[in-house]
Amino acid sequence: MSKFYTMKIAGLERSLKKFPVSDSLDIAAFILFGDTEITVVAAEELLKKAPEFDYILTPEAKSIPLAYEMSRQSGKPYVVARKGVKVYMGNPVSVTVRSITTKKEQTLYLGEDEVNLIKGKKVLIVDDVISTGESLAAVRTLVEKSGGIEAAAVAVLAEGDAADRTDIIFLEKLPLFFK
């Protein structure tokens with residue numbers, strides 16, 4: 001079996017290295033960090049598919065460059081749901097999540113300032129890959145707890161069964177590799 005999976009994303013070819021997540025499953029790792037070319041093109045393509053929105057919200061993860069680029073291209077601000085409470089975050093709102101690519105439970109936080117920004121606003125949730133949907137569910141809960149209105153959830157890739165979902169917008173399907 002090949003150690004890489006090659007695919008086209010927004011017209012650009014990438015070879016993704018496979019990694020085991022269990023004895024019976026490998027995933028192909030899509031890493032946006034450092035890949036400016038795909039970040040720019042994916043942001044452009046996702047913005048074409050996205051409905052009207054006021055703010056972008058992304059978890060503190062590999063999707064930050066994508067959220068930044070979508071913000072730059074659209075002129076709409078972005079907010080990052082942080083993995084820890086910072087000293088400047090008054091009265092944080094939080095939600096706990098366990099993702100397929102993270103070995104332990106995490107908590108995501110929005111500070112009072114971010115909550116006030118998105119309250120009553122249309123929020124575009126941005127991620128790099130949607131797989132099990134756990135991270136997406138956590139960010140959706142943050143939007144709800146903050147009084148925001150979800151405009152849509154977008155990702156570059158939908159992994160495995162996530163590609164069958166009708167509640168997300170994505171560019172390409174990423175298969176799972178069962179052993």
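Tutor: Here is a close look at that sheet and its surroundings. The model is predicted, so local features need pLDDT of at least 70, side-chain atom pairs count only at pLDDT 80 or more, and totals for chains, interfaces and linings use all residues. Residues are numbered from 1 along each chain as its sequence is written, and side-chain values use heavy atoms, with hydrogens and water left out.

Start with the strands. Four of them form an open sheet in the order E1-E2-E3-E11, with antiparallel pairing. Strand E1 (4-9) and strand E11 (177-178) stand at the edges. Each has a single partner strand, so one side of each lacks a neighbour in the sheet. Helices (H or I, at least four residues) and strands (E, at least two) are DSSP runs, numbered from the N terminus. Two strands pair if DSSP finds at least two bridges between them.

Inside the sheet, E2 (residues 12-22) and E3 (residues 25-28) are joined by four antiparallel bridges. Phe-19 has Ile-27 in E3 as its bridge partner.

Now the helix. H1 (residues 36-49) lies across E1 and E2, at about 100° to E2. That angle is taken between N-to-C directions, on a scale from 0 to 180 degrees, with axes fitted to C-alpha atoms, for helices over the stretch in contact. Contact means heavy atoms within 4.5 Å.

Arg-14 lies in E2 and Glu-37 in H1, so the pair ties together parts 23 residues apart in sequence. Arg-14 is buried at 18% relative accessible area; Glu-37 is partly exposed at 47%. Buried means under 20%, exposed over 50%, partly exposed in between (1.4 Å probe, protein chains only).

Lys-179 sits in the segment after E11, 153 residues from Asp-26. Lys-179 is exposed at 53%, while Asp-26 is buried at 11%.

Finally, the nonpolar side. The largest nonpolar core has 29 residues, and Phe-30, Leu-66 and Met-70 are among those touching the most other members. E1, E2 and H1 are among the elements giving two or more residues. H1 gives the most, with five. Such a core is a set of buried Ala, Val, Leu, Ile, Met, Phe, Trp, Tyr and Cys residues joined through side-chain atoms within 4.5 Å.
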